[in-house]
Amino acid sequence: MGKELLSAAAGETLLLLGNEAIARGALEGGVRFVTCYPGTPSSEVPDTFFRLSQGAPYYFEYSVNEKVALEVGGGAALAGLPTLVTMKHVGVNVAADPLMTLAYVSAPGGLVLLSADDPGCHSSQNEQDNRIYARLGGLPCFEPATAQECKDMARDALLLSRRIENPVLLRTTTRVNHVRGPVVVGEMPTTPAEKPFHKDPARFVPLPASARVMHTRLRALLDGLVAEADASPYNVTSGAGDVGFITSGVSRNYLADVLAEDGLTGTVQVLELGMTYPLPENRIADFLASCKKVLIVEELEPVLETEIRALAQTRGIAVEICGKSAHLPRRGEFSTANVRQAVRAFLGRPAAVVDTLTVPADLPRRPPNLCAGCPHRAAYYAVREVYGDTAVYSSDIGCYTLGFLPPFRAADFLLCMGSSISTGAGFARASGKPVVAFIGDSTFFHSGITGLIDAVAYNHDILIVILDNRTTAMTGHQPNPGVDTTIFGENPNPVDLMALIRACGVEPVKVNPLNHKATLAALTALSQQHGPRVLVAEYPCPIHARRVGQAKKTLPARVAGDPAACLAVRDNLACPAFAMVDGAFTINAEQCDGCMFCVQLSPDIKPGKKEAK
Amino acid sequence: MIRARIFFTGVGGQGTLTATTLLARTALDAGLPVTSGEIHGMAQRGGVVESTLLVGGYKSAIIAPGEADVILGFELLETLRALPMLKRGGFVVGNSESLQPVGVCLGRECYPPLTQVLDTAKGFAARVVMVPCISLAEQAGTAKAANTVLLGAAAACGALPFSLDALTRSIEKYLKPKLVEVNRKALALGAQAAAASQAA
């Protein structure tokens, strides 16, 4: 989606990704300040703002991490600008410290926090349910289900936030972020009215005495918003009868399709919730009172279920409430399949028999793999050559987590962004074993640097390998503070990674990992030292280099000698450009990036245009 | 109202998502309600890419096992892997050519033969049409148009809720001008191959 996202006039229909729709909705809500840390499934929201940022009516940054993003965004909202801050669900943990106090301090300009949750762990280390953060932090919460709602709710969340001067949570899930559907766009606003900052420390500085007052004010605000939630156009009742369903977020879609396909639409009552916090208590109480029994359909934690059970008890409503069950578990994603079985079990109908083909369970797998030409492959190969299985490998979050797979098996444990250095340090101290920590450049800036300072301060015995590919590759090649180039040209203010490490108290060694001999020599020397050590393996991600027009022209590698003699290279590198054709090892010239790493490992592989016949 | 759940499967880099979006635009231009689903992230690193297109008023953007009216398989092994998604009486339109996963390349796993797709789907699918998309795309001018070859094949054998002409118009309307001609050719070659396989 190009410039038409900005230029489309009210009433036009655009086919938008949920995340693009969120960007348009925020623009319709008058957003003037956008910060983020990228992460699947949220990334296309900031990427859209970044792509359209030149000459746009907003400030945009890829912040160093989520905490910084929310703090910078919080500052902008204090200064009066309508603000959007985006991150994935686990990023909210990083931002949790400012988040828990933001609603005390308030956000006069308006601030929407997008939390993109990932039920099913499509690209995440856990499947936490961030609707709980709305409760913990005192943020009204919207849960869109379609591309249209992504647009509408992003707009309305920002308008609500600005009106009540309180942050608002826009909580999505992977399937909503990555839905693509028609969106009828609305008016783009003129410049929002100014909200100049007036000094009022008692309002904005949460010293204990003020914080108590702030908390009282926040609770009163949220209590007052119950009426707004009751009347929200995103909370809709439909159907008839004394059997009811209450559902929110993407589950609304599954329930609607199941009811339609089972011929139940209209014969049961459905309460769909789009604005879920504060809970629309009166609306729900009326709904409960009109039903004999109610099934609550929500992914992940029984957030609504618990609150609705409490509501029924408080109000003395005699209704049978069902929720989490084997069909509606607390883990994983829902689909029409499990919702259908849940609906049938709830109604006492026979289970659906699913008529499907079966295929062998042992089909060859196709796990994601480091790309052809990826410099991480070369770094991992060299580290394995020096340490083999004698070291414990502390991994981190990025493309390089794929080093987990054979042949590298370069990930023995992993907690979260930035943990490789600190967790590795703790493991080394406790076990006395050699530990190698792998971390990318963006992740190092994000939260690895604090681990390095700790390692220096307490002389932890750890080798830190910074896999510096000059971009944030995993999430879509976003710039980070250290990059040289972005899609808009040279980075005007790059942070010098080497100087930063040096300032922490370690003299880093820098190598090009695609230069095998030099990398091996550096690693061998470092492996004989103790204390905190840093190897910076720097080479640009080839995909990023192509995107910013800095890829060097290279020849593909070819098998020049005996293919049978190349099998060790094949097994040790597992490059996607390698293939077996009619039983013989070959290098696919189309796939080969020309990194020439394999050429350094076998005299039978040479640079060249064609395979030897 | 035509209702169809279409399941797309392929390998990162094959243009599976581009094809999905092109079909979504075609459906929208035909006045059909449409919703589509994608998964980004890890899958792009040479892994499996699955996407969905639901036409005719479905609200969900995902497809559960046994629900797909059509499977569009951009790679042979991934087509086989996706067969449990197929509804009895559905269509399978697939690429008969393969991209080796790393385990096959390393000799640890065996790539299944084309006949395994045909044998598995026989008696369950209404029709299985497999065409050599990569070769035909090369014939059209670039292997990158293999996704369009498959769309041509699918439209020609009646698996899609719109015509080959509608797809041609989408190519002209939504692709970059320099890519239109090669994709038009690719679409036609796919359609011819599907027609030939039906005649055979």
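**Exercise 1.** In this predicted model, determine the volume of the largest cavity and state where the largest cavity lies.

*Solution.* Step 1: the volume of the largest cavity is about 150 Å³. The structure holds five cavities of 30 Å³ or more.
Step 1: 19 residues line the largest cavity, and G373(A), C575(A), C595(A), F597(A) and C598(A) lie nearest its centre.
Step 2: this lining comprises 15 nonpolar, two polar and two charged residues.
Step 3: residues of the lining come from both domain 3 (375-547) and domain 4 (553-613) of chain A, so the largest cavity lies between these domains.

**Exercise 2.** Describe the lining of the second largest cavity.

*Solution.* Step 1: the second largest cavity has a volume of about 90 Å³.
Step 1: its lining consists of 13 residues, with C371(A), C374(A), C399(A), A473(A) and C541(A) nearest the centre.
Step 2: helix 16 (375-387) and helix 21 (542-547) of chain A are the elements that give two or more residues to this lining.
Step 3: by class, nine residues of the lining are nonpolar, three polar and one charged.

**Exercise 3.** Classify the crossing of helix 18 and helix 19 of chain A, and identify the residues that meet.

*Solution.* Step 1: the axes of helix 18 (residues 441-457) and helix 19 (residues 497-504) of chain A come within 9 Å and cross at roughly 30°.
Step 1: angles under 35 degrees count as roughly parallel, so helix 18 of chain A is roughly parallel to helix 19 of chain A.
Step 2: from helix 18 of chain A, F444(A), F445(A), I449(A), L452(A), I453(A) and V456(A) meet L497(A), L500(A), I501(A) and C504(A) of helix 19 of chain A.
Step 3: this contact has 10 nonpolar, no polar and no charged residues.

Terms used. Residues are numbered from 1 along each chain as its sequence is written. Chains are lettered from A and ligands numbered from 1 in the order in which they are written. This is a predicted model: local features need pLDDT of at least 70, side-chain atom pairs count only at pLDDT 80 or more; totals for chains, interfaces and linings use all residues. Side-chain values use heavy atoms; hydrogens and water are left out. On a 1 Å grid over the protein atoms alone, a cavity is a set of points where a 1.4 Å probe fits but cannot get out, and a pocket is an open set with protein on both sides within 12 Å along at least five of seven lines; lining residues have an atom within 4 Å of a point. Grid points are joined across faces, edges and corners, and a volume is the space filled by probe spheres set on the points. Ala, Val, Leu, Ile, Met, Phe, Trp, Tyr, Cys and Pro count as nonpolar, Asp, Glu, Lys and Arg as charged, and the others, Gly among them, as polar. Domain bounds come from an automatic or database domain assignment. Helices (H or I, at least four residues) and strands (E, at least two) are DSSP runs, numbered from the N terminus. Axes are lines fitted to C-alpha atoms, for helices over the stretch in contact, and angles run from 0 to 180 degrees between N-to-C directions. Angles under 35 degrees count as roughly parallel, over 145 as roughly antiparallel, 65 to 115 as roughly perpendicular and the rest as oblique. Contact means heavy atoms within 4.5 Å.
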